[in-house]
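Please look through the sequence and the model before reading on. The report is meant for a reader who is meeting this structure for the first time.

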Amino acid sequence: MPTQSRELFIDATRGLAMLGVMIAHFSWIFSSLHEEFTAGLEIAKFVMPAAPTFMLISGALLGYIYETRDRQLGTFGIKLVDRGLFLLIAGHFIIWLAYIPYAGGMANAATFGQITDAIGVAIIMGPFLVTRLGASARVMLGCAAFLLTWAAIAFWYPQGDYGQWVKDTLFGAELGRRSRWGYNFPIVPWVSVYIIATAIGQHLARSRAARSESRFAMHLLLLGAAGIASFFAIKIAWRIASHFFDLDVTQSFAAEYLYAHTVAGFKWPPGLSYYVFFCSISLILLGTLFHLEKRRLLPLVMSLLTVIGQNSLFIFLLQEHVYVSLLWSLNPPLNHFWPLILLATILVNILAVYAWKRFAGTYVFTVGYGRVWGPRKAIAKRPESVST
């Protein structure tokens with residue numbers, strides 16, 4: 001059974017990712033309100049790791065808990081499925097409400113998918129896969145799902161509207177065609193990251209048990225550094241191949257698709273370099289925050305990040321309304337005080353999290369699976385926390 005302290009650095013890393021989500025959404029909305037707000041594009045470059053970090057940490061936490069609980073999930077697995085169903089049903093509805101002002105109506109708001117949809121599918125599948133497939137098999141399954149995604153993008157060209165909606169939802173649109181969704185995270189490639197992350201979480205749990213604290217932190221940093229090195233290796237390989245084989249992305253179908261996997265910022269749909277680079281940063285963040293936790297450095301910051309991470313679903317739903325609904329509707333003027341507006345919105349979200357933690361709790365995010373319907377197990381009055 002893992003101690004609470006062993007999981008704090010994971011929650012803190014997820015909390016840091018949520019701060020990145022808030023900053024990214026502020027930059028996006030403020031840039032939409034003021035085209036001259038060029039700083040928004042620069043800010044976005046620094047917070048791009050937020051989404052892949054959030055997905056990787058969510059999967060890694062499942063694998064970590066599974067390994068440290070003698071490879072048994074018990075009611076935790078049931079609660080994950082319940083949380084996934086909540087995300088796909090109530091969570092999607094709550095976010096849809098937030099997008100109505102920005103999209104200009106209910107129908108247009110429905111065309112905006114969210115990473116919570118992909119997470120919902122992932123955490124429903126997660127307990128089933130973790131308890132039935134070994135870590136190596138899950139890595140192969142995740143890689144196969146990623147390859148299937150790009151095979152579908154490259155070779156599946158549905159002609160009808162229905163087929164294009166299905167393709168865009170599951171895999172993303174082919175290069176050069178605008179997605180039927182106004183914005184979405186294709187299910188299969190993002191779930192593939194979650195599946196692989198569950199194996200990473202198991203590996204981290206074993207590494208944690210076998211190493212001292214300092215060596216474990218270094219192990220995380222080295223894993224992240226190896227990923228960064230792999231990213232640059234991909235870039236170099238592309239440069240060499242494009243030179244010797246005269247690859248032109250404007251003339252060659254194959255070159256265009258290969259090039260998409262060499263760019264860290266290419267995320268529609270996400271390519272190989274996008275995941276390798278930003279997931280490597282996630283591992284470096286994990287190692288850094290683990291070091292801070294064990295050395296008891298920046299305790300107030302770590303405490304804040306941990307609270308945000310443990311209540312990530314609440315703050316994600318809230319910040320959608322703060323930025324996409326409220327900030328868009330208020331349309332504040334662009335001036336030199338925009339950083340204060342950003343800080344004010346972050347403060348509102350954080351204060352709301354502490355109020356939520358004090359008066360409510362994540363256990364209210366449920367559709368009753370495992371208690372009212374579905375498999376029924378003995379569950380304590382206040383269920384163990386499941387954060388996503």
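Predicted model: local features only at pLDDT ≥ 70, side-chain atom pairs only at ≥ 80, totals over all residues.

## Helix H3

Helix H3 covers residues 50–68, and its 19 residues reach 26 Å from the first C-alpha to the last, which is close to the 27 Å expected at 1.5 Å a residue. Because 19 of the 19 residues of H3 are buried, this helix is largely enclosed by the rest of the structure. H3 is followed by Asp 70, whose phi is positive, near 55°.

## Helices H4 and H14

The axes of helix H4 (residues 75–103) and helix H14 (residues 312–330) come within 7 Å and cross at roughly 10°, which means that H4 is roughly parallel to H14. The crossing in which H4 passes H14 is right-handed.

Residues on both helices take part in this meeting: from H4 they include Arg 83, Phe 86, Gly 91 and Tyr 102, and from H14 they include Leu 313, Glu 320, His 321 and Trp 328.

## Cysteines

A search of the whole structure finds 0 disulfides. A disulfide is a covalent bond between the sulfur atoms of two cysteines. For Cys 143, the closest cysteine sulfur is that of Cys 279, and because it lies 12 Å away, it is too far for a bond.

The surroundings of these two residues can also be described. Cys 143 is partly exposed, with a relative accessible area of 38%, whereas Cys 279, at 11% relative accessibility, counts as buried.

Definitions and conventions
Residues numbered from 1 in each chain as written. Heavy atoms only, no water. Helix = DSSP H or I, 4+ residues; strand = E, 2+ residues; numbered from the N terminus. Expected span 1.5 Å × (residues − 1). Buried < 20%, exposed > 50% of the residue type's maximum accessible area, 1.4 Å probe, protein only. Disulfide = S-S within 2.5 Å. Axes fitted to C-alpha atoms, helices over the stretch in contact; angles between N-to-C directions. Parallel < 35°, antiparallel > 145°, perpendicular 65-115°, else oblique. Left-handed = near helix turned anticlockwise from the far one by under 90°. Contact = heavy atoms within 4.5 Å.
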